[in-house]
Amino acid sequence: MVKLVVRKSKIASDKTTERRDEFAPEAEIATQDDSICFLCADRIRCHHWRAKAKCTGCQRMYHRSCVAFLPATEDKKHMTMLCPACRFLDCPQPNYRHPTEVLKPVSSFLRDGFYVFPSTVLIPEKLATITSFVTALFEEHWRAFKSQSDVRSMTKGFSNFRRRSPGRYEMVFPWLYEFISRMAVSSERKGGKNKKVKQQCDKVKACPIWMPILQCLLGEKLKLLASGVFLAMPGAKNQPFHTDGPALSAEYNLPCHAINLFIPLVDAGELNGTQIQPGSQYDPNKETIVSIKTAQADRKGGEKYIIPNVAAGGAYIFDYRVRHRGLANLTDVQRPCLYFTFTTDWFADTDNFSMKRYSKELELSPDFQRLQSSYLKACSD
Ligand SMILES: [Zn+2]
Ligand SMILES: [Zn+2]
């Protein structure tokens, strides 16, 4: 029987403390040991049939909670589903018939886990309009928050508005993508000549410059999972290093399943940007808490960390699994950054689902909705 090594994750998490010594880094286990979850490499302790999910492809066992982003059906002994590794094997992988404009970013992304667009992705003349809308959006959320009758704290937050840490706010706003994609540089304008990509772009009204790259990485049926704005006030502190989601296999370095697109509306860099660890999307379990702490001690973190310098209206994309953090805002202006999360078509964000279900939504005024429509109308003219 084939043996493999499952590394013990050293990333700080609640689960780490639960792990026992027998799962030390070099412990060997058999491929089809039903007692180990192949996503988190932890033991499956609960034997209730709803707590386990078996893959119909490779027969491997997972914690149901670890693969909650996948649809599963009930079986008598456990839930059944097709695991992430089997889904990637079943899917067509990025094909290399794309034009250079797509292939260069894609290969750079696959190596580093992120890619910085060489020029602005928003049409420069539209930047002022977008900034004024985002300012109005924050003012409206703030007004709605202040005028609510049963005062709910900002830390607890709302499904669409919360304070992530002092001076850092997040507004979740699904409508934003339609608005922004109309204000974006289109891929045709940049000379994309690939017929297939062009045909697809014709189907959707706007084909922003990032779309052919994302389709190559996530498949043509990719979906938009989340949209919104991160706002960092002057004086906001460094965030701790984190990934936006775990790797989907403890065994393989799988292809990317989710990508964030960040578009800062002011110049972003060392004084207010994001710090990324290139290549950390692979072998996420190799990282040690010690090396994360060392990097935190040194803001630049040596050559191991990169801070993209992005002009207002520029953009970068990064793999969900890449370690990164928002840097302190050392400038004297607010730093709004639009974010959009794209995923493969089979990935469902269960965290967001439960958030919507259990957390209250902050209601915006009808006046603001009218303002919203006027912005959309203005950008189509
Ligand atoms: Zn698990
Ligand atoms: Zn499988």
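1. Basis. This is a predicted model, in which local features need pLDDT of at least 70, side-chain atom pairs count only at pLDDT 80 or more, and totals for chains, interfaces and linings use all residues. Residues are numbered from 1 along each chain as its sequence is written, chains are lettered from A and ligands numbered from 1 in the order in which they are written, and side-chain values use heavy atoms, with hydrogens and water left out.

2. Cys 55 and Cys 83 link distant parts of the chain, 28 residues apart. Cys 55 belongs to strand β3 (residues 52-55), and Cys 83 to the loop between β6 (79-81) and α2 (84-90). Helices (H or I, at least four residues) and strands (E, at least two) are DSSP runs, numbered from the N terminus. Both Cys 55 and Cys 83 are buried. Buried means under 20% relative accessible area (1.4 Å probe, protein chains only).

3. Aromatic pairs. There are 30 aromatic pairs in the structure. Rings of Phe, Tyr and Trp (its six-membered ring) pair if their centres lie within 6.5 Å, and planes over 60 degrees apart count as edge-to-face. Tyr 115 and Phe 117 are edge-to-face because their planes stand at 70°, with ring centres 5.3 Å apart. Both Tyr 115 and Phe 117 are buried.

4. A second pair. Phe 145 and Phe 158 are also edge-to-face, at 6.3 Å centre to centre and 80° between the planes. Phe 145 is in helix α4 (residues 127-146), and Phe 158 is in the loop between α4 and β8 (161-165). Phe 145 has 11% relative accessibility, so it counts as buried. Phe 158 is buried too, at 1%.

5. Cysteines. The count of disulfides is 0, a disulfide being a pair of cysteine sulfur atoms within 2.5 Å. Cys 40 is buried at 11% relative accessibility, and Cys 256 is buried at 5%.

Terms used:
Buried < 20%, exposed > 50% of the residue type's maximum accessible area, 1.4 Å probe, protein only.
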